[in-house]
Amino acid sequence: MMIRPFVLLLCLPLASMMQGPSGDEILMRVDKNMFSEQKIVESRMIIHGQRDTRTVESKSWQRGTNESYTEFLAPAREKGTKMLKLKDMLWEYSASTDRTIMISGHMLRQSVMGSDLSYEDMMEDPHLPNIYSATISSSEVIEGRECWVLDLKAKKEDIAYDHRQAWVDKERYLVLKENLYARSGKLLKTVDVREAMHVHNHWLAKSIIYRDVLKEGEGTEFHIDNITLDAEIPDYLFSKASLRR
Amino acid sequence: MLAPKLAFRNIISAGLRTWLNVVALSFSFVVIIFLQGFYDGLNDQAERSTVDALYGGGQYWQEAYDPFDPLTLEDAHAPIPPSLQNLVAEKSAAALLIRPATIYPRGRFRSILLKGIDPGQHIISLPSSLIGNDTALIPGMIGSRMSKNAGLNKGDLVTVQWRDVHGTFDARDVTIVGVFSTTVSEIDNEQIWIPLDRLQQFTRMPGQATMIVLKKDGIPPGNVAGWEFRDLPYLLRDLHALVRMKSVQGSIMYSLLLFLAMLAIFDTQVLSIWRRRKEMGTLMALGMRRTQVIGLFTMEGAFHGLLAAVVAALYGIPLLAIVANIGLALPAATDSFGFAIGERLFPVYSPVLIVGTTALVCIVTTIVSYLPTRKISHLKPTDALRGRIS
């Protein structure tokens with residue numbers, strides 16, 4: 001008779017292990033997989049507008065979550081435009097006018113180069129566990145991959161999207177699909193990962209489609225052509241002076 | 001009394017020459033009065049409509065609000081202070097909450113202003129009762145310009161996206177329950193009106209407003225911390241400046257007309273002095289001084305102005321009265337000039353305008369008539385009698 005409580009005590013951790021990770025734990029692991037301290041990214045943004053499609057090429061240097069420097073390489077009209085993010089501030093340098101402007105307030109809500117992404121989307125804290133608490137709502141198969149469907153609820157009041165749904169690859173801990181909702185529950189934006197890549201033990205999205213669902217159109221494609229993780233990035237890059245270099 | 005009688009007789013005996021000048025000058029009278037009346041009517045009509053529809057008896061603005069800087073709108077909201085809240089409760093003022101928002105009619109993005117107003121207010125002429133008796137979760141009303149531009153009609157559902165007080169996105173469907181027609185584009189263009197309590201609720205700004213509109217002739221309760229009072233002269237200064245600018249543009253036309261009429265008077269005077277040398281010599285030989293001869297000729301010229309005023313009155317009064325009564329139909333494009341005047345404009349002819357214009361034309365005519373007569377001051381009677389002029 002004394003053996004039964006002992007067996008129960010042994011079985012409890014086992015049972016919790018069999019239950020699988022919690023939503024918050026999954027989010028932490030997603031964050032760990034996706035995050036690297038320093039990276040250099042070369043990418044293409046294909047913007048499908050009402051009348052035409054444009055491709056914007058850029059190179060970004062990112063350090064942590066607070067520092068990011070981006071230089072636009074093409075098309076000719078955007079070439080030389082640079083963006084600098086330092087903590088919660090964002091500056092844009094326009095080569096054609098040789099002017100640096102601070103993007104703040106209402107301007108943060110404007111679209112970046114006519115895409116479905118706003119400046120504010122770019123400024124968002126990429127560490128989702130810092131701003132959302134997650135619960136697992138179900139499991140689904142996306143593009144042949146087993147996924148957890150996480151319901152993310154904002155922990156703070158000043159978060160742009162009150163809640164989100166994220167489809168997380170059970171094996172790779174990569175978010176394959178995301179829905180962003182308004183406070184009323186109306187779907188505002190969707191993010192779909194079309195292609196993944198394995199870089200230095202990290203599973204990352206290589207090709208993504210952002211779509212503002214309230215707007216007609218095919219959305220904005222984002223392709224990563226080259227990525228270097230844990231790269232050495234000089235300090236001078238993250239200063240306003242670097243915008244005019 | 002001899003000089004005026006003589007002057008009058010002289011110009012009447014000049015016949016067709018006089019009447020041509022008088023008719024040309026009378027055109028100037030009528031055109032000046034008509035154009036000035038047009039601009040006064042424009043000012044009067046636009047001012048009345050804007051005050052009725054938006055400005056009331058003045059507005060209190062939340063200190064961050066600047067209608068010319070859309071970036072300030074985000075922060076332009078605050079709880080209504082007690083002194084203004086009392087006015088709102090007494091129905092002596094109406095609170096408006098204004099938030100930047102985005103609508104997606106037919107899948108296209110459009111930036112608008114979402115405005116909250118009490119459906120039961122009677123402070124401004126906006127037909128806010130349209131959004132008062134509807135069962136829709138968020139009833140909205142729009143002006144006819146907005147309806148045309150955004151392709152929205154009564155009964156349509158449109159998704160509106162905004163941010164609440166914390167910056168969190170919210171998006172809901174607004175049912176357009178009414179489309180109103182107004183001459184005031186400031187309450188129509190790129191905006192949707194919804195009940196104030198719903199906007200306060202959905203933006204999580206209970207009891208807050210962007211501006212308080214006082215009723216017409218309402219007395220502002222003095223300084224209110226965090227709010228700035230804007231009186232009617234301040235609110236209407238742009239409209240007045242715009243009308244002034246248009247009036248200056250119009251004055252170029254009638255200045256040209258007046259110049260041509262004055263040229264005719266000047267020409268007539270020069271010709272008179274040249275042709276009537278012997279007459280001048282005779283008048284001087286009979287004892288008239290040079291100044292009296294100058295006075296006579298100047299008076300003849302000035303009588304053109306007076307006769308022109310009489311002729312202008314004969315056909316101008318009935319003509320301008322008809323225009324003032326039935327108004328002038330305006331082209332559709334007038335709406336885009338920023339004047340709240342509607343489809344017809346009714347000119348306003350004030351006594352000051354009529355008396356002022358008559359005085360101005362008569363004075364200018366007299367001056368122009370006097371200028372050529374200065375030659376007479378050097379005239380010798382003997383030369384004049386011989387038909388010479390030095």
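This is a predicted model: local features need pLDDT of at least 70, side-chain atom pairs count only at pLDDT 80 or more; totals for chains, interfaces and linings use all residues.
**Chain A.** I counted the secondary structure elements and found four helices and 13 strands in chain A. I then looked up burial: of the 245 residues in chain A, 25% are buried.

**Strand β10 of chain B.** I turned to β10(B), residues 211–214, and checked which way its side chains point. Met211(B) and Val213(B) point one way, Ile212(B) and Leu214(B) point the other way, and all are buried.

Next I looked for the pairing partners of β10(B). Strand β1(B), residues 59–62, runs antiparallel to β10(B) and is joined to it by three bridges. Strand β3(B), residues 93–103, also pairs with β10(B) in the antiparallel sense, over four bridges. I followed Ile212(B) to both partners: its bridge partner in one pairing is Tyr60(B), and Ala95(B) stands opposite it in the other.

**Helix α10 of chain B.**

I listed the buried residues of α10(B) as Thr357(B), Val361(B), Thr365(B), Val368(B), Ser369(B), Pro372(B) and Thr373(B). I noted for the spacing that an α-helix has 3.6 residues a turn, so residues three or four places apart point the same way. Lastly I looked up what these buried residues of α10(B) pack against, and found α2 (16–55), α7 (237–275) and α9 (290–326) of chain B.

Conventions
Residues are numbered from 1 along each chain as its sequence is written. Chains are lettered from A and ligands numbered from 1 in the order in which they are written. A residue is buried if 20 or more other C-beta atoms lie within 10 Å of its own, exposed if 12 or fewer, and partly exposed in between; C-beta atoms are placed from the backbone. Helices (H or I, at least four residues) and strands (E, at least two) are DSSP runs, numbered from the N terminus. Two strands pair if DSSP finds at least two bridges between them. Two residues are in contact if their C-beta atoms, placed from the backbone, lie within 7 Å.
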